[in-house]
Amino acid sequence: MQSRSPVPRAAGRPRSAAADTAILAATRAALVELGWSKLTLGDVATRAGVAKTTLYRRWAGKNELVVDAVAELFDELELPDRGTLAADIEGVVLQFAAILARPEARNGLMAVVAESCRDDALRERIRSSIVDRQKRLVLQGRERAQVRGELPPESDPAEAARTVDLIFDMVAGAVVHRTLVSAEPVDSAWAHGFTEVLLRGLAGVTP
């Protein structure tokens, strides 16, 4: 099913942050209780205590709503300052795995990724709302490591952007596969071993 075109915002009262928060929380609760196939915007509206038209003014359909509900969970991720790049990476890997272990994150992410296989607009929304937003963690970690002298500065912006993409893909891909596909735990020992492998690879692509 193709996503409908984004709904243009009409002039009028400002959008309510409290309503948005309630709607996204209700969406995640419905995902856990009902699953993707049975979730409807009417059910979400009832749970959130808003009119169904309120949802349609904000989101074009279920796909977009679920992406934003899941994206809000990943916005909780922070890069801890543990003193070294390796320790920082281990910290964010464990945070990421903990979020993916939550039923609302697991159910929502797997559902929208499956739907995006036949919906290009949804795939783009996942990229902009989740992937691109979370690349901030890689940027923060790289900058912090450069200040510490753990990584050299990168003078070529294009090459630096490619490195950011590579690091993000390696971290996100490994943790998602480990938790959602292999259904194996991401504990401190796994995070440590993964970080060692990642940093060896990073040493090979960093000037």
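**A walk through the core and helix α1**

In this predicted model, the largest nonpolar core holds 54 residues, and those that touch the most other members are Val-44, Leu-65, Phe-74, Val-93, Ile-130 and Val-175. The elements that give two or more residues to this core are α1, α2, α4, α5 (85-100), α6, α7 (120-148), α8 (157-181) and α9 (188-205). By a nonpolar core I mean a set of buried Ala, Val, Leu, Ile, Met, Phe, Trp, Tyr and Cys residues joined through side-chain atoms within 4.5 Å, where buried means under 20% relative accessible area, exposed over 50%, and partly exposed in between, with a 1.4 Å probe and protein chains only. Helices here are DSSP runs of H or I with at least four residues, numbered from the N terminus.

Residues are numbered from 1 along each chain as its sequence is written. Local features need pLDDT of at least 70 and side-chain atom pairs pLDDT 80 or more, while totals for chains, interfaces and linings use all residues, and side-chain values use heavy atoms, without hydrogens and water.

Let me stay with Val-44, which, not counting residues up to four places away in sequence, touches Ile-23, Ala-26, Thr-27, Ala-30, Leu-39, Leu-55 and Leu-65, a contact being heavy atoms within 4.5 Å.

Turning to α1, its buried residues include Ile-23, Ala-26, Thr-27 and Ala-30, and the buried residues of this helix pack against α2 (41-48), α3 (52-58), α4 (62-74) and α6 (103-116). Just after α1, Gly-35 takes a positive phi of about 85 degrees.

Finally, Ala-174 lies in helix α8 and is partly exposed, because its relative accessible area is 23%.
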